[in-house]
Amino acid sequence: MEAVLLTWVGKRDLEAITCTDQGPVLSTLKAFQFSRVVLLSSYSSSELRKYKSWLVERLRDSAPSIESHHEPLNSPIDFTSIYQVADRHLQRLHSGQSNLSILLSPGTPAMQAVWILLGKTKYPVTFYQSSREQGVEQVEIPFNIAAEYIPSAVSVNDQHLANLINDQALVHAAFDDIITQDPNMLRLKKQAQILAEREVPVLIQGETGTGKELFARAIHNVSRRANQPFIALNCGAIPPELIDTTLFGHKKGAFTGAASDRAGVFQQAHGGTLFLDEFGELTTAAQVRLLRAIQEGLVTPVGSQKEESVDVRIITATHRNLIEDIANGGFREDLFYRVAVGVLTLPPLRSREGDLLHLSETLLAGLAKQDKALEDKKLSVDAKNLILLHLWPGNIRELRSTILRASLWSSDELISGEEMQQAFFHRSQKQDGLLDRDVSQGVDIQDIISELVGHYVPRALLASQGNKSDAAKLLGLKNYQTLNNWIEKHRVKIDN
């Protein structure tokens, strides 16, 4: 991965040409290795050319690739022009193919402030500074503007300030595949970017089909491990007898059929990210061995007596409520808190405001790119209404397969409501709660009322020891005659 240093050329750097002081830029390049250096200067073009030649001569054989840009400013303390120049170059240089660093020392305090603002919001960078007293050192700036400043600042009654703040917290392009207009999902994308830029374990919670692996891959692609392996493992699909060899690998001859050495997912993901999907399905015995590997970064292949060191970032995902599993003894509390440092809880599709039709049309357009026979397909008003009424228990995965089926079965360019209805899977209503029935599949409201009455009337009679007047009061009915009418109308079974 290319190591890039971006810096302004300051007065001390230019003066270094005629004195013994090396200046911040040369001092930094002698102290740390970079493959590419980008110099920005508001001084004259001739001074910049002269400095670049002097810098190359001083570095000689160890000189990295050096490019220089003359950037006239309104003034060295004009925030607007400084910001425009700095943002343009950071945007140009920022990619998953490079580790980007900024040298803070050269330039005015306004230039340094802009570097910090951009480096703590829009672009993940490493900061360096150089001084005569302390030499050259990497700088850790112990705050995050996006996480700490924005929540309080957006509450200020100043729309212009709020707009400026929100513009700084842009989401990385790696998250573009997560299509949403929902405010909660947009917030989760920003939180995921913050987590991506830090080496912390991440736990992603959410129902099946909500996009947990999509988030995991985006986090990996934004992180410093982007060019290293991303290994995904479905923990729920591993037979118990193969857990150790799947996770940690095995040596030749470790068991019958082990004809050669095999690397486990920890070794395969070395230097990169290991995504453990359906994490909550691991047995308690496997949880113990996994905890040690995560805590110590050491694994022992099956059939080996020697530990191997691994460097992986762990991202886990589950549809289960692990807190409840801990309370029930089904999941280890110490392992949960080891992986649940950064936590993202993805909402189900039915709770994502404004996303259903937006996603449907986006998925339909994506299918058209894959199959020319589908490129003119559109959703009718009736089809859109059915999509809005459906609960989508399978979430985005179900939505995509349903849109595909409806597209394949549609004989015209416009997908009708009937064709969309045929594309749905018809589930048993008995599996749903009273308030969770899928209206798009049709419901009998009288049956629902009868089910409700049949549930509560016997319980009210039990609580009132069979006294119908008291039971009627408990149910909010006027008198026992009304209760009798309900019992008869809804055919309530009463145990004598």
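Is Leu 26 buried or exposed? In this predicted model, Leu 26 lies in helix H2, which spans residues 23-31, and its relative accessible area of 2% falls under the 20% limit, so the residue is buried. Leaving out residues up to four places away in sequence, Leu 26 touches Tyr 51, Trp 54, Leu 55, Arg 58 and Leu 59. The C-alpha atom of Leu 26 is separated by 7.8 Å from that of Asp 13, a residue 13 positions apart from it along the chain.

The largest nonpolar core comprises 31 residues, of which Leu 247, Phe 266, Leu 274, Phe 279 and Leu 290 touch the most other members. At least two residues of this core are supplied by each of several elements, among them strand S8 (230-234), helix H10 (243-248), strand S9 (273-277) and helix H12 (284-296), with H12 giving the most, namely five residues. When neighbours within four places in sequence are set aside, Leu 247 is in contact with Leu 233, Gly 264, Val 265, Phe 266, Gln 267 and Leu 290. A second, separate core of 24 residues includes Trp 8, Leu 40, Leu 100 and Tyr 123.

Five strands form an open sheet with parallel pairing, in the order S8-S9-S12-S7-S13. Because S8 and strand S13 (342-345) stand at the edges and each has a single partner strand, one side of each is left without a neighbour in the sheet. Neighbouring strands of this sheet are turned against each other by 15° on average, direction ignored. Strand S7 (residues 202-205) pairs with S13 in the parallel sense over four bridges, and the bridge partner of Ile 204 in S13 is Leu 344.

Conventions:
Residues are numbered from 1 along each chain as its sequence is written. This is a predicted model: local features need pLDDT of at least 70, side-chain atom pairs count only at pLDDT 80 or more; totals for chains, interfaces and linings use all residues. Side-chain values use heavy atoms; hydrogens and water are left out. Buried means under 20% relative accessible area, exposed over 50%, partly exposed in between (1.4 Å probe, protein chains only). Contact means heavy atoms within 4.5 Å. A nonpolar core is a set of buried Ala, Val, Leu, Ile, Met, Phe, Trp, Tyr and Cys residues joined through side-chain atoms within 4.5 Å. Two strands pair if DSSP finds at least two bridges between them. Axes are lines fitted to C-alpha atoms, for helices over the stretch in contact, and angles run from 0 to 180 degrees between N-to-C directions.
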